[in-house]
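Trainee: I have a model to go through with you. I want each label set against its cut-off.
Mentor: Then let us open it and start.

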Amino acid sequence: MAGRLLHFLLISMTLYQFSSGQRLKPRLQRDRRNIRPNIILILTDDQDQELGSMQAMNKTRRIMEEGGTSFSNAFVTTPMCCPSRSSMLTGKYVHNHNTYTNNENCSSLSWQRQHEPRTFGVYLNNTGYRTAFFGKYLNEYNGSYVPAGWREWIGLVKNSRFYNYTLCRNGVREKHGAQYPQDYLTDLITAESIRYFRASKRVYPHRPVLMVLSHAAPHGPEDSAPQYSTAFPNASQHITPSYNYAPNADKHWIMRYTGPMRPIHMEFTNMLQRKRLQTLLSVDDSVEKLFNMLVEMGELDNTYIIYTSDHGYHIGQFGLVKGKSMPYEFDIRVPFFIRGPNVEQGSINPHIVLNIDLAPTILDIAGLDLPPDMDGRSILSLLDMDRPANRFQVIKKPKVWRDSFLVERGKLLHQHFEGKEVSPEENFLPKHQRVKDLCQRAEYQTPCQQTGQKWQCVEDATGKLRLFKCKNEGAVQRGLASRQRPLSIKSQLYHQKLSGCNCDLRPLNLRPTLMRPFNSKPFFSKKKFKNLKSYSRNRFSRSVSLTNSYPSNSSSEGGANATQPTQDDSEDEFSGMEVIPNGMTTPDSLKVTHRCSILTNATIRCDTGVYQSLQAWKDHKLHIDHEIETLQTKIKNLREVRGHLKKARPLECDCNKYLYKSKLKSRLKYGGIGLHPFRKGGPRDKKAWLLKEQKRRKKMRKLIKRIRNNDTCSMPGLTCFTHDNQHWHTAPYWTLGPFCACTSANNNTYWCLRTINETHNFLFCEFATGFLEFFDLSTDPYQLMNAVSSLDRTVLNQLHVQLMELRGCRGHKQCNPRTRSVDQAGGRAHDSFDNYRLFERRKWPRVKKPSSSRTLGPIWDGWKG
C-alpha cells in the first residue's frame, strides 16, 4: 500500500512540474503553430544552372539541398533581366505585363500604374506582413519613388553593380564608393536584411516577415570580394559539348552568322567563368549568415527560404562569347531550392516550376487566395508528403501538374501579306525562295499597272528578284486620266476638272468670326454626344417588336415570318419546351428568346416550364449558347468586312483644302498661327511625332558617340560589346588587350513551347522571321541539331496550335496546360506524337539526395569551401 502511494505521489509531482513548465514557456513558443510563417526570397542575377555555378556554393547546397527540396526542372519564361523579374513580382507571362525587354516598359509609368500595385509585396503588406526589399529591383528603376507594398526599401538604382552605385533608401538616394566591406553590395544587402529581421522581431514578435534579397552576383562587372580574388584558378565547367560549336547552319540567323571564337575570346570566357564564381562565394556566405541568424532567433522552423535566379547564362556556347536571351537550356534553366515547414529534406522534385510560380507560392504560404489574373501556380501542392495520416485515409490521387510552358522574348509582330496573316509554314522558306515564289504570280509581273497593285517584281543587276513598292499604292487607276493624276495639293488647284471636285470658291469676308470654324469646338461635346447615344439606344429598344423572337441562323430573305418559329417547329427542335402564349408577355417587356424576356426593371423572366423541367432548362441554355456562337461568328465576319472597307475607301474631295489654298494664301506662314492645315492635328499625332523625334535624337547621339570613341565594333541590328584592360577594376585583371564580340540581335523575337513529361522532352520555337526550330532533348540534350525537318506536317500543326494557345493565355487556368487527348480534337489516327498526348499519368518518382556534403559533386582544384 505504501509503495502504491509513493508511486502516485511521484506521478503527481511529474505532472505538476510539466504543467508548470508549460505555463512558464513564452507565448511565442506555445503558439508557434498559430503564427504565419516568415518568407525569405534570395534572388541572384544571371546565375546559370547548366554551367556548374552551384558547384561552387557548398554552403548554400548544404543548407538548401540537404535541408530542403531542389527542383530539377526549374525554368524562366523569358531569359532577360527586367521581363523575368517583372514576371516574378506579378506572377504573369510577359505578354500579360508587357515588359518585353530591359528597356521597353521596364519600370515605366505604365508598369507603375497597372502592374506594380499587384505584386506579391502589396498583397502580403495588406495582410500584416512586415515587407522589405534589398538590392536590385528592375533595370530601369531610377530611385525616384518607393514601389507600393514595401515597408523597408533599399533598392539599387539602375542595373547591377558591386561598387560605385546609388541606392534608394526609403525614398532617399545615397551614393556608395569603392571601399570594402561597407560598400560591397552583396555584403551590404546581407547586413541590412539581418538588421531589419532582428529589429522587426524585437518590436513585433508575432508579425511575420517577408524579405527579398536581390543580389547583383554573378552579373557584370563581376567584381568579387578581395578574399576570393584567387579562387577557382582552373574553372572549366562552362566548357560543355556546345562550347564553341559554331557556326550553326540549321539554327536561326544570329546562330548562322556567329562563327567560331578566336583564341582571345576563349581566354575571356575562361576568366569570365572564374570571376562569376568568385562573386557567388559572397552570396554563399550571405546564405550561411542568414541561416545562422534564423537558428539563433529560433525562427528557422517557421521560415520558408526560396533560392533562385532571374535566368541562366551562356559563356561560349554555340560560339556566343557571353550573354543570355536565347531560348536554349543554358539560358532558361535556373537553380531553384525551397526549405521550410513540411518541406521534405534532401529530395529532388522533377515537376516543372517557373518564375511565374513565385508570386502564387508566396501568396499561398501567407494563406492568401490566388488572384485570377496570375498565370503561375503555387508549388506548395508539390511539396506535400505522400504519407497517409492513418490507416483509414484514402490514398491520394497523383498530382496533376503542367507538362508544357511558354518561352517568349520580344514584341508580338503582326505580319500580314495582302490582308492575310502569314503562317509560320509559309515563312519557313528562305527569303529569296519566298520572293521567287511571289514573283511567279501574275499580279507582280506587271510594272504597277493593275488596279490596286502594291508591289512589283524587278530583276536587279546581279540577277536576283526584288520586290519594289508601287508609288501610287491603293489608288484606282482609270486609263490615261488616272495616270496623269496630280501628285500634290498644289497641282490639284490647277487641275480641278480632272479631280471631279465642284467646290464653291467665292470670296469670303475674312473676319475673325468667320475664321472660327477652322479651330472651334465640335458641335457636340462629349457629354452631349453620350446623352445622344443613350437616347438613340433607348429609342431603338422601345421600337423593338415585343412579339418577335430572337433572330436565328436562318436567312432574313423570308421576311418577318422567317424569324418567328411556330409552335410545331419549336416543339420538334427543343424537347420538353412550350412556346409562351402571346398573352403571357407583358406589354412593357422586351422578348429576347421564345421563352425569356427582359422586363422594364432590368429583370429577366422566363416561362414556368424552364424553371420546372430540367430537360427544358438544358435545352434552352443549349439554344442560347448556339445563338451566341452564331452571332459571334457573324460579328467577326462583319469586322473583317469593315476592315476591308476601311482599306478600300475611295478618294474624296476636300473642299477646305482648295478654299484654304486659294483664298487664304496670306495665312500660310508658320509664324505663330499653329499647325499647318494640311497636317493632321491633335494630341495623338503630336505624341507620335515626339516619340519619333526622341528615337531620331537617340539614334543620332549613339552615332556621334561611336564616331568620337572610334567605335568600330557596333553593327546595325546586332548587340555587340567591347572589352579592354580597363573594364575590370578588381583582381584578377584582364591584360590581353581590347576585342569586340556580337552576342545577340535586336530582332531576336521568338515564342517557344517547352515540354517535359514521361515520354517526351523537346523544345519547339517559332521565330519572328518565320524560322522554326525543334530539339529532342532526350537524344540531343545540348541542342546541337535542329530536327524540325524530321517532323510531319500534322505534328507541326499540333505544336503550332499548342504554342498559339499559350501565347494568348491569361490566368492560371489557361496558362497551365495538362495532358489532353487528341481524339477530342478531331479523332486523328494515333502516331508517335499522338501517343505523347495520350500517355497515362503516373506519379513522378522521388529521388533522395546524399546526406553527406562530401559527395555533392566535383569541385575545382585549388578550392576548399
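Trainee: Why does tyrosine 328 count as buried?
Mentor: Its relative accessibility is 0%. Buried means under 20% relative accessible area, exposed over 50%, and partly exposed lies in between (1.4 Å probe, protein chains only). So tyrosine 328 counts as buried. Phenylalanine 318 is buried too, with a relative accessible area of 0%.

Trainee: What kind of model is this, and what limits apply?
Mentor: It is predicted: local features need pLDDT of at least 70, side-chain atom pairs count only at pLDDT 80 or more, and totals for chains, interfaces and linings use all residues. Residues are numbered from 1 along each chain as its sequence is written, and side-chain values use heavy atoms, with hydrogens and water left out.

Trainee: How many aromatic pairs does a search of the whole structure find?
Mentor: It finds 30.

Trainee: What makes phenylalanine 75 and phenylalanine 405 a tilted pair?
Mentor: Their centres are 5.0 Å apart, and the angle between the planes is 40 degrees. Rings of Phe, Tyr and Trp (its six-membered ring) pair if their centres lie within 6.5 Å; planes under 30 degrees apart are stacked, over 60 edge-to-face, and the rest tilted. The distance qualifies as a pair, and the angle is in the tilted range. Phenylalanine 75 sits in strand β2 (residues 69-75) and phenylalanine 405 in strand β11 (residues 404-409), so this pair ties together parts 330 residues apart in sequence.

Trainee: Why is the pair of phenylalanine 318 and tyrosine 328 edge-to-face?
Mentor: The ring centres are 5.5 Å apart and the planes stand at 70 degrees, so the pair is edge-to-face. Both residues lie in the loop between β8 (303-309) and α11 (329-332), so the parts tied together are 10 residues apart in sequence.

Trainee: Which residues do ring pairs link into a cluster?
Mentor: Phe120, Phe133, Tyr137, Tyr141, Tyr145, Trp150 and Trp153.

Trainee: How do you know that cysteine 82 and cysteine 106 form a disulfide?
Mentor: Their S to S distance is 2.0 Å. A disulfide is a pair of cysteine sulfur atoms within 2.5 Å, so the pair qualifies. The structure holds 5 of them. This link is right-handed, with 100 degrees about the S-S bond. It connects distant parts of the chain: cysteine 82 is in helix α4 (residues 81-90), cysteine 106 in the loop between α5 (94-97) and α6 (109-115), 24 residues apart.

Trainee: What makes β17 and β18 paired strands?
Mentor: 3 bridges join them, and they run antiparallel. Two strands pair if DSSP finds at least two bridges between them, so β17 and β18 pair. Isoleucine 598 has isoleucine 604 in β18 as its bridge partner. The open sheet has 3 strands in the order β16-β17-β18, with antiparallel pairing. β16 (590-591) and β18 are its edge strands, since each pairs on one side only.

Trainee: How does a disulfide relate to those strands?
Mentor: Cysteine 596 and cysteine 606 are joined, S to S 1.9 Å. Cysteine 596 lies in β17 (residues 596-598) and cysteine 606 in β18 (residues 604-606), so the link ties together parts 10 residues apart in sequence.

Trainee: What makes aspartate 792 a cap for α26?
Mentor: A side-chain oxygen of aspartate 792 lies 2.9 Å from the backbone nitrogen of threonine 794, at the N-terminal end of α26.

Trainee: How do you know that arginine 807 sits over the ring of tryptophan 751?
Mentor: The charged end is 3.9 Å from the ring centre. A charge sits over a ring if NZ of Lys or CZ of Arg is within 6 Å of the ring centre and within 35 degrees of the ring normal. Arginine 807 is among the buried residues of α26. Arginine 256 lies over the face of phenylalanine 771, at 5.2 Å from the ring centre.

Conventions:
Helix = DSSP H or I, 4+ residues; strand = E, 2+ residues; numbered from the N terminus. Polar contact = N/O pair within 3.5 Å; in protein donor to acceptor, adjacent residues only side chain to side chain.
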